[in-house]
Amino acid sequence: MTSTSTAERPAITLTIAGSEATGGAGAQADLKTFQELNTYGIIALTCIVSFDPKDNWNHRFVPVDAQVIADQLEAVQACYAESLDTVKLGMMGSPTTIDTVANALKKQTWKNVVLDPVLICKGQEPGHALDTDQALKANLLPLATFVTPNHFEAEQLSGISISSEEDLIAAAKKIHEASGAAVLAKGGVRIAGEDAIDVFYDGTTLEVLRAKKIGDVAVSGAGCSLAAAVTAELAKGASPLEAARTAKEFVTEGIRHRVSGATPFDALWQGGRR
């Protein structure tokens with residue numbers, strides 16, 4: 001039944017990402033972030049990732065069949081053809097998945113393509129992971145309008161070893177030069193100092209976003225939630241810098257109110273601002 005309501009409809013936000021069963025990261029984190037930031041979240045699953053408690057909580061990785069991914073995206077794009085212009089790209093896991101997603105994205109015009117460049121999934125064979133990395137750089141990075149690499153990913157995409165704020169700035173600039181996208185390069189807890197720093201650069205504006213560190217161990221879901229928050233804010237009409245600032249604050253509060261389990265790491269709570 002078609003709605004006849006005249007109420008303002010929420011912005012539509014699509015994530016193309018993997019499932020992470022414990023809820024801290026991946027598609028689960030994306031959808032919770034979208035909901036918290038008042039957008040209508042939808043998803044196409046690319047893979048199923050589950051931690052293995054019998055193997056030091058490493059990842060067990062199962063790809064979704066390429067045709068199934070294509071079918072999901074066909075349904076999503078047909079359903080929201082008039083209103084869907086913002087997408088977040090998360091865990092892909094294989095060159096085949098990347099090709100499938102890239103082909104689907106090219107079938108329409110996008111205003112915002114937020115790439116969280118997940119380059120390595122623990123549990124994958126090194127050679128396969130390298131092939132995936134190369135496919136991502138070749139086929140998805142050129143489509144991105146906004147990129148959110150973590151410390152490791154920023155090093156891989158820029159070719160710069162990052163141990164300081166200056167290095168992170170240089171890496172953000174390098175990634176922008178390579179992609180043309182706005183960049184939010186995440187230093188997190190991996191750069192020495194009292195502050196967790198992220199660097200925003202879009203070719204014109206450079207801003208270092210700072211928040212006091214909360215603990216000294218990375219929190220599961222922080223990267224996914226940051227990119228999802230950027231996605232939600234862009235979909236609602238924020239500028240890239242505004243989206244980056246809001247996302248930083250959103251994740252900081254999520255880390256402050258993180259959720260503990262039996263894993264050796266905590267998970268971000270997307271409701272932390274509440």
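**Pockets and salt bridges: a short tour**

Hi everyone, let's start with the pockets. The largest pocket is lined by 49 residues, and Asn150, Arg190, Val219, Ser220 and Gly221 lie nearest its centre. A pocket here is an open set of points on a 1 Å grid over the protein atoms alone, where a 1.4 Å probe fits, with protein on both sides within 12 Å along at least five of seven lines; lining residues have an atom within 4 Å of a point.

A word on the source. This is a predicted model, in which local features need pLDDT of at least 70 and side-chain atom pairs count only at pLDDT 80 or more, while totals for chains, interfaces and linings use all residues. Residues are numbered from 1 along each chain as its sequence is written, and side-chain values use heavy atoms, with hydrogens and water left out.

Back to that largest pocket: its volume is about 1,400 Å³, counted as the space filled by probe spheres set on the points, which are joined across faces, edges and corners. Its lining divides into 25 nonpolar, 14 polar and 10 charged residues. For those classes, Ala, Val, Leu, Ile, Met, Phe, Trp, Tyr, Cys and Pro are nonpolar, Asp, Glu, Lys and Arg are charged, and the others, Gly among them, are polar.

The second largest pocket holds about 200 Å³ of space. It has 16 lining residues, with Thr22, Gly23, Gly24, Val259 and Ala267 closest to its centre. By class, that lining has 6 nonpolar, 8 polar and 2 charged residues.

Now, how many salt bridges does the structure hold? There are 14, each being a side-chain nitrogen of Lys or Arg within 4 Å of a carboxyl oxygen of Asp or Glu.

Take Lys248 and Asp198, whose closest N and O atoms are 3.0 Å apart. Lys248 sits in helix α8 (residues 240-256) and Asp198 in strand β8, so their bridge ties together parts 50 residues apart in sequence. Helices (H or I, at least four residues) and strands (E, at least two) are DSSP runs, numbered from the N terminus.

Are these two partners buried or exposed? Lys248 is buried, at 8% relative accessible area, and Asp198 is buried too, at 5%. Buried means under 20%, exposed over 50%, and partly exposed in between, with a 1.4 Å probe and protein chains only.

Helix α8 also carries Arg245, and strand β9 carries Glu207, so a bridge between them links parts 38 residues apart in sequence. Their N to O distance is 2.7 Å. Glu207 is partly exposed at 22%, as is Arg245 at 42%.
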